[in-house]
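This report is written for a reader meeting the structure for the first time. Please keep the sequence and the 3D view at hand while reading.

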Amino acid sequence: MDVSHLLDELNDAQREAVTAEDGHVLVLAGAGSGKTRVLVHRIAWLIQVHHLSPMSLLAVTFTNKAAGEMRSRVGQLLGLRPDGLWIGTFHGICHRILRMHSKEAGLPETFQILDSEDQYRLIRRVIRDMELDEGEYPARQMQGLINYHKDEGRRPENIEAFDNPHALTQVDIYRNYEDYCRRSGLVDFAELLLRTLELLRDNDARRKQYQDRFGHVLIDEFQDTNKLQYALVRLIAGQRARLFVVGDDDQSIYGWRGARVENVSDFARDFDPAMIRLEQNYRSTATILEAANRVISHNDERMGKNLWTEGQQGEPIRVFSAFSAEEEAEFVVARIRDWLEAGGAATEAAVLYRSNAQSRLFEHQLLAEGIPYRVYGGQRFFERAEIKDAMSYLRLVHNGDDDPAFERVVNVPARGIGERTVAGIREQARSDGQSLFAAARQMVTAGALSARAGNAVGQFLDLIDRLDERTREAGLGEMMAAVVETADLATWYRKREAPDRAETREENLTELIRAAETFAQPLEDEQAGLSPLASFLAQAALEAGEHQGEKWQDCVQLMTLHSAKGLEFPLVFMAGMEEGLFPHQKSTEEPGRLSEERRLCYVGMTRAMQRLYLTYAESRQLYGRTGTTYPSRFLSELPEELTEMVRPRIQHATGGGFGPRSGDAGAGLGFDLGSTVSHERFGIGTVVNVEGSGDNARVQINFEQAGPKWLVLSYANLERLD
Ligand code: ATP
Ligand code: MG
């Protein structure tokens, strides 16, 4: 058989990794050196050359999107669909295992995944039920703490609280939250992993089943695995499976979420793998690569790597300093326009930023210019209110014990069920240790509610029952359509909201029905005995954010630096290169975090193939107030000979460099270009131009709310803010 296509277009080191014969392998290599490519080729190699069944391979990636791409790449290489091959995220894979063995894992068959927002609400509910001071026990903080304990593999009974009353109460909250989840058949993200770990650890038959099944376990982006994930890998691998692990310590960016880059060295110690280094970068121009290497060299405690390229020197990296965040967005979109006019595609351009909120101005500007775009993350499709409402109905039909779903839609659309009635139902549910749905049913039957409330609640229960009957034999699309229709959500939004908003919600509901209709259940899920509904609900919870926008449409890609991991684009913008924003404020307060921000910068820069822009704004509204900003320290870590300051629009400005700019034209008047001022009527703005002198002096100010305006200085009565 000719298998040369599996090895063509691989360099020697890559080939060595793909064809490694015995033992475990660790590929430790820098960005763009072909780690993911090697992993994909290895899967194909094992199937085609070693004639392994796809079922005996387990591949783990970081996002569902990456998993999808990997699957199709393997398919292309093999010329057939690798059915039975498990490729997924840790969460996706654990979900499948738990579904297959829900009983042994101590879960109801219809358990539901609790997404992060639901989890937060539920924890808040628990804290309120315990009548605790929410200032002293903020739900957000408790959410972080609970997830942290789970990621470390700790149940409430494993936590040492040292008789500290505060810590003891926190443990109580954790315990009550767990009880609640158990009663309602809910599983949060961290629980998916912990539960699977416990199942495989404590159940010999299950452990053996998976250890026998998977002869090879391959993991991408290993540097961002947490303690629990590594423990899982060890359990699944057992004594027999061969591990193939690829990663880059310089791209470890999830430490704040419990990822342990130490897993890389632990793996090297625990498994004694063959170490393979890939040193040639195939992605970026020499300029981009060298600049990225220089920035990351400011970190210590690196494992150390060489990375070189045969690629072109390429264009210099361009740095642009904008007066305001608005101008920054204008600049970026104008450069995207240039790119499109020169024949580039929109999907080739990516705007990367540190925090989701930054997307708004870019969206605004792209909309104004009529350039299609797609935002990853942020307000995700499956997180939108109308989608969550509709999905909650579906969840309730699927599992009546799903309390968060009950709470969400019991009075949506409004049917006269007040907070007092719900509180009564909650009380009853708690004292009987049953679900809200069951308690409600019981109270209605027993006539324990006032006539009006009883009637309203009865209607709601009937609605769910009716849906249950109507959809029992239905396909997924039909089911979704029935939910949207029966619950009559559209009318409800139309009644309550502005027409355009209600219309968007309706469109989204239609899109949801379409998503359900076209949902193709992964064969591996079907083989695992999952119902299409269970797969769909899990996908909604796990793959939120990956469904947005028209997939096939050519659009500009907007995403956070974190979600850009593993991807590559010919044209990249890194926006908001400012101290406090990037590196993030928090990172200057905690040790180790600054290095992580620098790695994030390295990740961002190494996404770029041909052209890279770094931009910042000299004033920006941040954390609710407008202020002058300072250029990110990462800018000063760039080699000067590889960068080029893009001339600002206003030619008065002096000097290059990254210091705050001070203009000369208006200096005598006390209003430097770029300074922040306040105007009685127009509010806060930035001085972007100065003309004339004396009584005739005029300034152009870019107001945050009112936009750009020319004002005569002697009348304007401006106040300097910085
Ligand atoms: P990251 O660290 O960012 O995840 P990576 O190490 O996984 O990067 P890949 O995404 O696998 O790198 O590869 C980067 C780019 O280089 C891809 O476009 C890939 O197709 C290409 N590439 C990798 N190896 C070769 C090769 N031997 N010949 C040609 N192109 C290659
Ligand atoms: Mg990769």
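The sections below go from the basis of the model to a sheet, the nonpolar cores and some local features.

## Basis of the model

This is a predicted model, in which local features need pLDDT of at least 70 and side-chain atom pairs count only at pLDDT 80 or more, while totals for chains, interfaces and linings use all residues. Residues are numbered from 1 along each chain as its sequence is written, chains are lettered from A and ligands numbered from 1 in the order in which they are written, and side-chain values use heavy atoms, with hydrogens and water left out.

## An open parallel sheet

Six strands make up an open sheet with parallel pairing, in the order S3-S2-S6-S7-S1-S8; strands are DSSP runs of E with at least two residues, helices are runs of H or I with at least four, and both are numbered from the N terminus. Two strands pair if DSSP finds at least two bridges between them. Strand S3 (86-88) and strand S8 (274-278) are the edge strands, each pairing on one side only.

Strand S1 (residues 25-29) runs parallel to S8 and is joined to S8 by five bridges, and Val27 has Ile276 in S8 as its bridge partner.

## Nonpolar cores

A nonpolar core is a set of buried Ala, Val, Leu, Ile, Met, Phe, Trp, Tyr and Cys residues joined through side-chain atoms within 4.5 Å; buried means under 20% relative accessible area, exposed over 50% and partly exposed in between, with a 1.4 Å probe and protein chains only. The largest core has 72 residues, and Phe460 and Met480 are among those that touch the most other members. Helix H20 (residues 451-471) gives the most to this core, with eight residues. Because domain 2 (112-184) and domain 4 (381-544) both give residues to this core, it lies between them; the domain bounds come from an automatic or database domain assignment.

Neighbours within four places in sequence aside, Phe460 is in contact (heavy atoms within 4.5 Å) with residues including Tyr393, Phe406 and Ile417. Another core, of 42 residues, lies apart from the largest one and includes Leu26 and Tyr230.

## Local features in loops

A cis peptide bond with omega of about -5 degrees joins Val412 and Pro413, and Pro413 sits in the loop between helix H17 (403-409) and helix H18 (419-432).

His51, in the loop between helix H3 (35-48) and strand S2 (57-60), has a positive phi near 55 degrees although this residue is not a glycine, and His51 is exposed, with a relative accessible area of 60%.
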